[in-house]
Amino acid sequence: MTEPHGLINGILYATQFERTLDDEVVGRIARALIEEPILHLTPEQEYEGIVAGLRSEEPLTGQIPQPHDEEAVREFLGKVVRRLDALRPWPELPIATIGPEHWTEFGGARPIARVQVPILDVQGRLRAVFHRLDDGHDILLLRLRSGAEVALITPWWVGSDDSALLLKSQDVPAQHVIEEFRAATGWGPDDVTPLP
């Protein structure tokens, strides 16, 4: 079960300046939950988290200042749940972030490509942030629609800000993953170069 408070805080943060929590806001939030998941959650986990929050007796409005009272927020979140149901089946995202706590699973990952895109552009395109490791490297973990899991890590080469694309599984053809990664990000062969 998804812990609901961080998720609901994220939703309320995005709506705190809305004068009314009308159908337009309900639709915008429901689409965003599907297309830009919060906290590395899947849409199903987000859905479960909202439902769990609505079932709880704990206040949902205490942590994010806003003009809407508890009753209005609960009514709004109920509408978001119903809108999410109406949007089923949810599309599989071409690329999704994985939490940095999964980095330990990438111990045997191999570098398959050089990503020659500035880190800020990567974060902007993927709507995700790199996480700093204790050794000074920055990582961003991703899951592609095929299920392949990859990591972007920088710095990888001395004197370069380029990122290495690491492939977690040894059983997946690197070229297929590179092509899927390019398609998901919109970057071409000059941006994502296979390594020998």
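Buried here means under 20% relative accessible area, with exposed set at over 50% and partly exposed in between (1.4 Å probe, protein chains only). By that cut-off, buried residues make up 41% of the 196 residues in the chain.

This is a predicted model, where local features need pLDDT of at least 70 and side-chain atom pairs count only at pLDDT 80 or more, while totals for chains, interfaces and linings use all residues. Numbering starts from 1 along each chain as its sequence is written, and side-chain values use heavy atoms, leaving out hydrogens and water.

Going by DSSP runs (helices are H or I, at least four residues; strands are E, at least two; numbered from the N terminus), the chain has 6 helices and 7 strands. Read from the N terminus, they go α-α-α-α-β-β-α-β-β-β-β-α-β.

Now for the cores, meaning sets of buried Ala, Val, Leu, Ile, Met, Phe, Trp, Tyr and Cys residues joined through side-chain atoms within 4.5 Å.

| Core | Size | Residues include |
|---|---|---|
| Largest nonpolar core | 24 residues | Ile11, Leu33, Ile50, Phe76 |
| Second, separate core | 22 residues | Ile95, Val117, Leu140, Trp187 |

The largest nonpolar core draws two or more residues from each of helix 1 (4-15), helix 2 (23-35), helix 3 (43-55) and helix 4 (70-86). Take Ile50: leaving aside residues up to four places away in sequence, Ile50 touches Leu7, Ile8, Ile11, Leu33, Leu77, Val80, Val81 and Leu84. A contact is heavy atoms within 4.5 Å; among those in the chain between residues at least 6 apart in sequence, 65% join residues at least 24 apart.

As for overall dimensions, the C-alpha trace spans about 60 × 35 × 30 Å along its principal axes.
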